[in-house]
Amino acid sequence: MNVIEASNLVKRFGNLEAVRGVSFTVREGEIFGFLGPNGAGKTTAINILCTLLYPTAGEAKVNGYDVVKECSKVRQSIGLIFQESTLDDYLTAEQNLRFHGYAYAVPRDVLESRLKELLEMVELWDRRKAKIRTYYGGMKRRLEIARGLLHRPRVLFLDEPTLGLDPQTRRRIWDYIRDLRKRENLTIFMTTHYMDEAENCDRVAIIDYGRIVVMDTLEALKDGVGGDVISVRTEDNDEAMRLLVGQYKLTPSMRNGVISFTVPRGEEFLPGFVSGFPVPISSVGLARPTLEDVFLQVTGRSIREQEADPMHDMKQMVRGRGRGR
Amino acid sequence: MVNFFRSVRVIAHREFLRFIQDKPRLFSSFSMPLIFLVIFGAGFSRLIGQIIPDVDYIQFMYPGILCMPILMTSVMSGVSVVWDREFGFLKEVLVSPLNRSGVLAGKAAGAGIIALIQGSIMLAVAPFLNVAVGPRTVLTLIPLILILSFALSALGLLIGARMRSQQGFQLLMQLVIFPMLFLSGIFFPVAQVARWLEVLSKLNPVTYGIDAIRQAFLGAEVAGVTVFGHTMGILESALVVAMVGAVFLTGAIWVFNRRD
Ligand SMILES: Nc1ncnc2c1ncn2[C@@H]1O[C@H](COP(=O)(O)OP(=O)(O)OP(=O)(O)O)[C@@H](O)[C@H]1O
Ligand SMILES: [Mg+2]
């Protein structure tokens, strides 16, 4: 059964087309991810699915309900963890959860037991009487996950669930999420611009400038790259590049002094290549393609290159302040 | 409909929790009115003498002073949707199944509860000023305070419904809240001041709320708002305030319900 169905979603803000005709479906129990750089339109897509924004065109159904016409049924079916915190800083963790429970009409007796269970799951039971103001980023995130699950939603939306968290906390949060999916048959829709985070998905759509560039299972996406990624450092990279293109008929790329290219069955290719290559090789590596490679191949650029762009960071800062919308 | 009332209850509960946990705000809401009471009361009372027979200036002013924390807190609790938006909490509310109109009405209801608490605390000052407070007065005051607080929080909501940041806030204080306070007949009988001041005061809905509350304390003889030759009684004044509040709230709901 499809829990999310979106067809030709478009969202325009004035002249800016943030989402340009996006279609996809998510099956029950699946972890589905939107992977894309900053400003790709991921949050906008989530906001349409969770009834915060009207689509300019196209339609979407969540849990079988239309996001425009049946928004209150959609709202009851979903749990959300937004990109920024949406907790009430001046209330305690427990008060925040109770508010949520009342808002979603969770029966009182059920509420008590779930409250405890969820707070224990995210390891915040001891801190439940503390105001959110005293929480740090990772704790807030965990609490929001607990809150998003309190009313037993069918679908959990996670917008950049571990943005700005340290690797250890990120790993912990993902352990919870995977565990949950197993226990509750929850469907998860997430967005991220971390490659390694997208590795947690069953299926990924790479989204760029408001469009889905490619969408498939992780395995299929990586297979699509066309084999394994070989990276080499040589004593004369320019000469090596020339040889790889001319003699070996490959399409290598060079970044930070490392040449990389893909070949089918890399482990068989490598021994002969290393012994026969005319330019002295100083180091060599073989890897299964990562999503980074997939991204590079389908968009022609690296997701990281964009983040290093200082102008873009400025824009992010300005945008971050108006985070209310 | 069930959802509407649940929304009102849930939101009012949260407003209440926030209020009682915010001790500085709780105390500071009383400081200004009490300072006015002391300075104006002690300073001018003897100078001005009796406003009408048996009512001296400080007694005249007291009902208005009682309303001051209520006015401020109610407008602020309406405007607090701006904070909720800024700090993200509003999103939690907007994606929940809570009814939007109920959410706004809940904000107003929360302000009403807080207003009653503030009113009771301010009542404690009455005996020191020789203002009699009987059970009848208290029973009349309850609906009047609720109506006044409702109208003002509705105004706050209307202002806050589309405001995106706190920047407009200073301006709002200076252009809306202070004029509304000072042109509301708290400090002077509106019939006995310069004509322009009188007109402005009569255009201010708060004036009617204050006048009704003053009458509840001091009797109909102090009734001060005369519109087209008709002197407004408690009930009429209360009705004016309630209607203005309903208009504000409807406006706020309308603005709030628009989705991009
Ligand atoms: N309310 C709005 N009004 C105008 N433009 C908007 C609005 N919301 C988003 N945008 C613009 O739409 C584009 C897509 O934004 P969106 O937040 O969906 O991107 P994103 O993929 O979530 O990026 P990020 O990784 O930064 O969260 C951006 O260019 C953004 O500036
Ligand atoms: Mg985003």
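## The shell around ligand 1

Sorted by class, the residues around ligand 1 come out as five nonpolar, seven polar and four charged. This is a predicted model, so read every value here as computed from it. The shell holds 16 residues, and the closest are A:Gly39, A:Lys42, A:Thr43, A:Thr44 and A:Gln83.

Backbone atoms do some of the contacting here. Polar backbone atoms of A:Ala40, A:Gly41 and A:Lys42 each sit by an oxygen atom of ligand 1: the distance is 3.1 Å for A:Ala40, 2.9 Å for A:Gly41 and 2.8 Å for A:Lys42. On its own, ligand 1 would expose 630 Å², and the protein buries 81% of that. Looking at chain A by element, β2 (16-27), α1 and α13 (310-321) are the ones that give two or more residues to this shell. The biggest giver is α1(A), with three residues.

## The magnesium ion

Which atoms hold the magnesium ion, ligand 2? A:Thr43 coordinates through OG1 and A:Gln83 through OE1, at 1.8 to 2.2 Å. A:Thr43 belongs to helix α1 (residues 42-49) of chain A, while A:Gln83 is in the loop between β6 (78-81) and α3 (93-103), so the pair ties together parts that are 40 residues apart in sequence.

Both of these residues also turn up among the closest to ligand 1. As for cover, A:Thr43 is partly exposed, with a relative accessible area of 23%, and A:Gln83 is partly exposed too, at 25%.

## Helix α1 and what follows

How much of α1(A) is covered? Mostly everything: seven of its eight residues are buried. Those are A:Lys42, A:Thr44, A:Ala45, A:Ile46, A:Asn47, A:Ile48 and A:Leu49. Among them, A:Lys42 and A:Thr44 are also listed with the residues closest to ligand 1.

Just past the helix, A:Thr51 has a positive phi of about 70 degrees. You'll find A:Thr51 in the loop between α1 and β4 (57-62) of chain A.

A:Tyr209 has a phi near 45 degrees and lies in the loop between β9 (203-208) and β10 (211-217) of chain A. A:Arg265 also has a phi near 45 degrees; its loop runs between β13 (258-263) and α10 (266-276) of chain A.

Are these two residues buried or exposed? A:Tyr209 is exposed, with a relative accessible area of 53%, and A:Arg265 is exposed as well, at 54%.

## Aromatic pairs

Over all chains, the count of aromatic pairs comes to 21.

Chain A has a cluster of rings. Ring pairs there connect A:Phe24, A:Phe32, A:Phe34, A:Phe157 and A:Phe189.

Note on methods
Residues are numbered from 1 along each chain as its sequence is written. Chains are lettered from A and ligands numbered from 1 in the order in which they are written. This is a predicted model: local features need pLDDT of at least 70, side-chain atom pairs count only at pLDDT 80 or more; totals for chains, interfaces and linings use all residues. Side-chain values use heavy atoms; hydrogens and water are left out. Donors are N, O and S atoms within 2.8 Å of the metal (3.2 Å for Na, K and Ca); water is not among the atoms, so sites may look incomplete. Helices (H or I, at least four residues) and strands (E, at least two) are DSSP runs, numbered from the N terminus. Buried means under 20% relative accessible area, exposed over 50%, partly exposed in between (1.4 Å probe, protein chains only). A residue is near a molecule or strand if one of its heavy atoms lies within 4 Å of it. A polar contact is a pair of N or O atoms within 3.5 Å; within protein, one must be able to donate a hydrogen and the other to accept it, and residues adjacent in sequence count only if both atoms are side-chain atoms. Accessible areas come from the Shrake-Rupley method with a 1.4 Å probe; for residues, only the protein chains shown count as cover. Ala, Val, Leu, Ile, Met, Phe, Trp, Tyr, Cys and Pro count as nonpolar, Asp, Glu, Lys and Arg as charged, and the others, Gly among them, as polar. Rings of Phe, Tyr and Trp (its six-membered ring) pair if their centres lie within 6.5 Å; planes under 30 degrees apart count as stacked, over 60 as edge-to-face and the rest as tilted.
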